[in-house]
Amino acid sequence: MAASDRMVLGPLVGSIDQGTSSSRFLVFNAKTAELLSHHQVEIQQKFPKEGWVEQDPKEILKSVHECVERTCEKLQQLNIDITNIKAIGVSNQRETTVVWDKTTGEPLYNAIVWLDLRTQSTVERLLKRIPGKNKAYFKFRTGLPLSTYFSAVKLRWLLDNVEEIRQAVDDGRAMFGTIDSWLIWSLTGGKNGGVHCTDVTNASRTMLFNIHSLEWDPELCQFFDIPMEILPKVRSSSEIYGLMKSGALTGVPISGCLGDQSAALVGQMCFQDGQAKNTYGTGCFLLCNTGQKSVFSEHGLLTTIAYKLGRDKPVCYALEGSVAIAGAVVRWLRDNLGIVKTSQEVEKLAAEVGTSYGCYFVPAFSGLYAPYWEPSARGIICGLTQFTNKNHIAFAALEAVCFQTREILDAINKDCGIPLNQLQVDGGMTNNKVLMQLQSDILCIPVVKPSMPETTALGAAMAAGAAEGVGIWSLNPGDLTAVTCERFEPQINPEESEYRYARWKKAVLKSMGWETSEAPSNGTGK
């Protein structure tokens, strides 16, 4: 590429996308939204006990550094000048909880991942202190039900069970944060002046944040007995938080921060009230923009903050349906059952049979999330016969992802009163064409997939590039680039779709009420 061509690219924006299964760094052209290069590193998940899910915060940070450096090397090989990278955005797995020592910069325990279930007894203990044991008691303040899913109960567990953390809190050395906070603090200097902050979207998933006043709520902190001084400062999703302090991009501002599902909503350009997207990652998350008004669900959905794209910009809200296990079921077929060697094989197995042959798979590995919020549920495969083989189970696993999405879509349609006429989709699993066709068949509406599926990273890049003081990415509707899409239309009749969905619901009922927290596990007690 000639030097004159290099100039044409203009400003670039980097995006750190730290997900549950991997970390990535992607670089976009701020004028065309074109993805120029990226690098990905898989993250190890640790399962020290049944229901426990942890990650090493240092491994997460190291993987991010590695992704940034490798991507910059790739850009240089493409003869692209990395000094054109003018800003960096962060998008992250939400709710996952880290506590670290601000004097050493070291984590005081592994990160407790959003999927983790160890806090079930913590939740039950807290419920006893709520009038009528009402899970939805804090709903109008936080948008959330009391559940193992959110950060406050994970933080409570850490304070109750980890002596080093209690000691660090007493000594004034402890800092709490979700993954975005841990990354931004570490990347902007860590123990040498790192910025301890989060954005409104991530704060809205802690259960300590008032989604109306946009501040940490003293009463919620008191209820969970969380010392407020360990919490990060809450900022908008698009402003300069600090500068990169090491590596190839030293001196570049970090100026965008969005929880991954909010980032995907922005990346799909769902800026209008009523626009929705579904992201197929480890879990499945359907968000519907409700504009500047918070809508509270009667059907098991969460009310969450969609984004606040600038200090002086209004906050926008979304209704969210969260499914814990989507891509994770494919990883489970690969790593736990060993019926496939790669995730791509699942599509091939399913395509060979084209039916589950009456087999239904409810992957309630972490209980059921929306719309049930039933922590006692566990995974089941039912309808098995001597005829059932691994192809049918693979098909049933993909169908499970689609049925769970249908349950959420039904809830969103009831809460909003206006049925969605198509579904915008993104995330790693959308490369699976069998899954996308199944999804359209089960929803009975078209499914629309952008040809550039990295919408989560794109959303964080947009927020970073649009920040005051950066100003290289316009979010005006007229300036947004039109996206090319692939459409999947329903190909089965609605009666068959309804029949299969009814059978799925029957299977879901059978998965419920399985686990009780009193029972000893593996004979050792809990």
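**Salt bridges and a helix crossing**

Arg406 is buried, at 9% relative accessibility. Buried here means under 20% relative accessible area, exposed means over 50%, and partly exposed lies in between (1.4 Å probe, protein chains only). This is a predicted model: local features need pLDDT of at least 70, side-chain atom pairs count only at pLDDT 80 or more, and totals for chains, interfaces and linings use all residues. Residues are numbered from 1 along each chain as its sequence is written, and side-chain values use heavy atoms, with hydrogens and water left out.

The side chain of Arg406 forms a salt bridge with that of Asp410 (3.4 Å, N to O). A salt bridge is a side-chain nitrogen of Lys or Arg within 4 Å of a carboxyl oxygen of Asp or Glu. Asp410 is partly exposed, with a relative accessible area of 23%. Both residues sit in helix 13 (residues 390-416), four residues apart, about one turn of the helix. Helices (H or I, at least four residues) and strands (E, at least two) are DSSP runs, numbered from the N terminus.

Helix 13 also packs against helix 14 (residues 433-443). Their axes come within 9 Å and cross at roughly 45°. Axes are lines fitted to C-alpha atoms, for helices over the stretch in contact, and angles run from 0 to 180 degrees between N-to-C directions. The two helices are therefore oblique to each other. Angles under 35 degrees count as roughly parallel, over 145 as roughly antiparallel, 65 to 115 as roughly perpendicular, and the rest as oblique.

Now look beyond helix 13. The structure holds 34 salt bridges. Which parts does the pair of Asp225 and Arg156 tie together? Asp225 lies in the loop between helix 9 (218-224) and strand 12 (233-235), and Arg156 in helix 5 (residues 151-161), so the pair links parts that are 69 residues apart in sequence. Their side chains meet at 3.9 Å, N to O. Asp225 is exposed, at 54% relative accessibility, whereas Arg156 is buried, at 10%.

Arg487 and Glu489 form another salt bridge (3.2 Å, N to O). Arg487 is partly exposed, with a relative accessible area of 46%. Glu489 is also partly exposed, at 39% relative accessibility. Elsewhere, salt bridges that share partners join Arg94, Glu95, Arg205, Asp260 and Glu320 into one network.
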